[in-house]
Amino acid sequence: MVYQILVSDPLSEDGIQPLRKADGVEITIQTALTPEQLAEKIHEYDALLVRSQTQVTRDLISKATNLKVIGRAGVGVDNIDLEAATEFGVLVVNAPDGNTNSAAEHTMAMIMSLARNIPQAFYALKHNKWDRKSYVGVELKNKTLGVVGLGRIGAEVAFRAKGQRMNVKAYDPFLTEEKAKKMGIGYGTLEEVLQSADFITVHTPLLKETKHLINQKAFEQMKDGVQIVNCARGGIIDEEALYQAIVTKKVAGAALDVFEEEPITDHKLLELPEVIATPHLGASTKEAQENVAIDVSKDVVTFLTGGLARNPVNLPSVPKEVMNKIEPYFHLSEKLGIFLTNLTQEAMEEVNIYYAGDLTDVEVSPLTRNTVKGLLKRHLGDHVNDVNATYLAEKKGITINEHKTSSSKGFTNLLTVEVRTNLGTRSVAGTLLNGLGARLVKVDDYSVDVIPEGHMVFVRHKDQPGAIGRVGTLLAKELVNIATMQVGRSNVGGDAIMILTVDKHLEKEGLEQLKQLSDIYGVTAIDL
């Protein structure tokens, strides 16, 4: 069989060499097709390779009757309808590693340029000013680089910074002291990294939890004269707070490759002499563009010839008979993961997933991936999916164990998720009740009965008269309406929990007030 592959966006010739060298493959390169022309042709092809130009919509996918795989030469898949691709059984692959080196090198270039005032000095020289006194810099040797986010790029930056004889201290929700020690870097909480660093570089995805992660409060914790670098995503740093921190001399300088709104040329940060900037060039090297094309071309060929894709983005096909049995549990498994990761603040070391009752008779690996996706989603966002969840967990050093047990504790089916950290073990269990849907039935050792939906407030407290009333009264003052409440306790007068379903998300100020109430040990807002 000869597979037909369409390349609809410009890719380097070196990048598509894996396609040209593959047996049983024919390539068509047409990079100027209109959406209408592409829609007319797409049914002829088994694979489609794109960058960011081609919009792979639901309508286009529905017309692609022979399409088996879509390859995105790059990381982002915003131009591809992943839900439609999954629905129509089309695998989507991307190239998340191809620009790692490029982005890390650009980050180091920005750090060095910031430290030595290179752009400012060059600008002055271009305008006929020989000015040495105004551009005295600082050495990187023996300075502390705080790395916020230690994924692929963050780890590469840390490695390079050590080569400059910098002291590196990192924060990442998946980083442990043991891992940091193996890498030869320091380990700290976010606050510890902010407080100790001379330079701070961010390398997290842009998520709800990381938007404006570096804000006014964060700047207040930093050293005077700290220098800030963002070559990750616009929005991780609060740009207004950064502007004020520079104006007040709290921050000595900033190097920015990304902004909250792009393209941008008239931002007030660009008016400050302490700021240097580039127009989102982190992945803009010839090598990176070639690497992402090579990576995705290899994956497309591998998948078409019966192998497993290295970088899948969506869920691959599952036999229909298996899917029919496990599909009702997908919603529950992900919600259990999301719920538990919100209760687990420390880095996860091991995850145990126990299947009992009806679940022991079916193939559950798709449910395991879905559960792990829920556990990682809080920190990795849409980058994690059902296919790559266990792979990403392993890359983070998290061991995933799958168990089947006959002990269903009286339930027809029972799914229990357990997470082990350096401080102990947390667990949550859920079931499907006939006609009633999903339920959380146990949190740690406390029995509950909670529908895993909506906005929740999880409270650990002492089992004393008035504790529930005080929580309800404070929420009333915050105009937060309680829809349901479940209480579990270990023994009379001992430790207890309450899980409240509320009508809106409880903001940080409300959480802090709850934590100040007597007999309250801890409060967590969870959005399911």
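Mentor: Apart from neighbours within four places in sequence, Phe 339 is in contact with Val 428, Leu 440, Val 443, Met 456, Phe 458, Ile 499, Ile 526 and Leu 528. The model shown here is predicted. Phe 339 lies in helix 13, which covers residues 320-343. Its relative accessibility is 0%, so Phe 339 counts as buried, the cut-off being under 20%. Phe 339 and Ala 525 are 186 residues apart in sequence, yet their C-alpha atoms are 9.9 Å apart in space.

Let us turn to a pair of helices. Two packed helices are described by the angle between their axes and the distance between the axes. Helix 16 (residues 467-477) packs with helix 17 (residues 508-515) at an angle of about 155°, and their axes are 10 Å apart. Angles over 145 degrees count as roughly antiparallel, so helix 16 is roughly antiparallel to helix 17. The crossing of these two helices is right-handed. On the helix 16 side, Val 471, Leu 474 and Leu 475 meet Gly 510, Gln 513 and Leu 514 of helix 17. By class, this contact has four nonpolar residues, two polar residues and no charged ones.

With 12 residues (152-163) at 1.5 Å a residue, helix 7 should span 16 Å, and its end C-alpha atoms are 17 Å apart, which agrees. The buried residues of helix 7 are Gly 154, Val 157, Ala 158, Arg 160 and Ala 161. These buried residues pack against helix 5 (100-116), strand 6 (144-148), strand 7 (167-171) and strand 9 (199-202). Just after helix 7, Arg 165 has a positive phi of about 60°.

Conventions: Residues numbered from 1 in each chain as written. Predicted model: local features only at pLDDT ≥ 70, side-chain atom pairs only at ≥ 80, totals over all residues. Heavy atoms only, no water. Helix = DSSP H or I, 4+ residues; strand = E, 2+ residues; numbered from the N terminus. Expected span 1.5 Å × (residues − 1). Buried < 20%, exposed > 50% of the residue type's maximum accessible area, 1.4 Å probe, protein only. Contact = heavy atoms within 4.5 Å. Axes fitted to C-alpha atoms, helices over the stretch in contact; angles between N-to-C directions. Parallel < 35°, antiparallel > 145°, perpendicular 65-115°, else oblique. Left-handed = near helix turned anticlockwise from the far one by under 90°. Nonpolar A, V, L, I, M, F, W, Y, C, P; charged D, E, K, R; others polar.
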